[in-house]
Amino acid sequence: MSDDDLNTRLAATVHHTRTARGLSVSVLAERSGVSRAMIGKIERGDVQPTAALLARLAAALELTLSELIAHAEGNGRRLARADEQPVWSDPDSGYRRRAVSPPGNGPLELVEVELPPGTHLAMIADTHASIHRQLWMLEGHLELHEDDDVHHLGPGDCLQLGDPASRTFINSTPKPCRYLVALCKHPR
């Protein structure tokens, strides 16, 4: 799936999820802190949203960013071949997210992330305490801020993320860093 195809499907998924939950654009704007005009542009596919913006919309729709993207990818297959795994890129930071797991509604998701050199990516606190997350560094170095906690991670390090918190992912090195995020949904 190309980036353009995924962006088109993300636009339709945001619109469909919002309307399926009976939310007006105004209510979604209030819950997410994203303007009504921007939500309209996203739903029409006029703009490619950033990772931070998509995360805010996903949280307001009671989804994780991974779940929102998985719904957009959805094909129900159990095998995700490497060359078919959807890759989404943040137009602002260059952050690249590869959905490693087959799309679906399983209890475990694997997501590979690459942060370009010099990236500072801030993500708001989400509302999903029912998601257990671990971050495993594959290559490079990452500085991760979780509210007041700072973690310096290198290849092979694995961090269990804490409770929902505002997080900033920083790659201040001259090389990209890559890590795998494993997300496990707890029963609600």
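This is a predicted model: local features need pLDDT of at least 70, side-chain atom pairs count only at pLDDT 80 or more; totals for chains, interfaces and linings use all residues.
Every number I give is computed from it.

Salt bridges come to begin with. How many are there? The count is six. I will walk through three of those pairs.

Start with Glu43. Its partner is Arg18, and the closest N and O atoms are 2.7 Å apart. Where do the two residues sit? Glu43 is in helix H3, residues 36-44, while Arg18 is in helix H1, residues 3-20. So this pair ties together parts that are 25 residues apart in sequence. Buried or exposed? Glu43 and Arg18 are both buried.

Next, Arg178 and Glu112. They form a salt bridge with closest N and O atoms 2.2 Å apart. Here we are in strands. Arg178 belongs to strand S10, residues 177-185, and Glu112 to strand S3, residues 108-115. The pair links distant parts of the chain, 66 residues apart.

How accessible are these two? Arg178 has 22% relative accessibility, so it counts as partly exposed. Glu112 has 17%, so it counts as buried. The cut-off for buried is under 20%. That is why the two partners get separate labels: 17% for Glu112, 22% for Arg178.

Now Arg167 and Glu146. Their salt bridge has closest N and O atoms 2.8 Å apart. Strands again: Arg167 is in S9, residues 167-171, and Glu146 is in S6, residues 142-146. They are 21 residues apart, and this pair too links distant parts of the chain. Both Arg167 and Glu146 are buried.

One more point on charges. Which residues are joined by shared partners? Arg98, Glu112, Glu139 and Arg178 form one network of salt bridges.

Let me switch to helices. Look at H2, residues 25-32, and H4, residues 51-60. They pack at an angle of about 110°, with axes 8 Å apart. Parallel or perpendicular? An angle of 65 to 115 degrees counts as roughly perpendicular, and H2 and H4 are therefore roughly perpendicular to each other. The crossing of H2 past H4 is right-handed.

Which residues make the contact? From H2 come Leu28, Arg31 and Ser32. From H4 come Arg56, Leu57 and Ala60. By type, the residues of this contact are three nonpolar, one polar and two charged.

To recap: six salt bridges, one four-residue network of Arg98, Glu112, Glu139 and Arg178, and a right-handed crossing of H2 and H4.

How values were computed. Residues are numbered from 1 along each chain as its sequence is written. Side-chain values use heavy atoms; hydrogens and water are left out. A salt bridge is a side-chain nitrogen of Lys or Arg within 4 Å of a carboxyl oxygen of Asp or Glu. Helices (H or I, at least four residues) and strands (E, at least two) are DSSP runs, numbered from the N terminus. Buried means under 20% relative accessible area, exposed over 50%, partly exposed in between (1.4 Å probe, protein chains only). Axes are lines fitted to C-alpha atoms, for helices over the stretch in contact, and angles run from 0 to 180 degrees between N-to-C directions. Angles under 35 degrees count as roughly parallel, over 145 as roughly antiparallel, 65 to 115 as roughly perpendicular and the rest as oblique. A crossing is left-handed if the near helix is turned anticlockwise from the far one by less than a right angle, and right-handed if clockwise. Contact means heavy atoms within 4.5 Å. Ala, Val, Leu, Ile, Met, Phe, Trp, Tyr, Cys and Pro count as nonpolar, Asp, Glu, Lys and Arg as charged, and the others, Gly among them, as polar.
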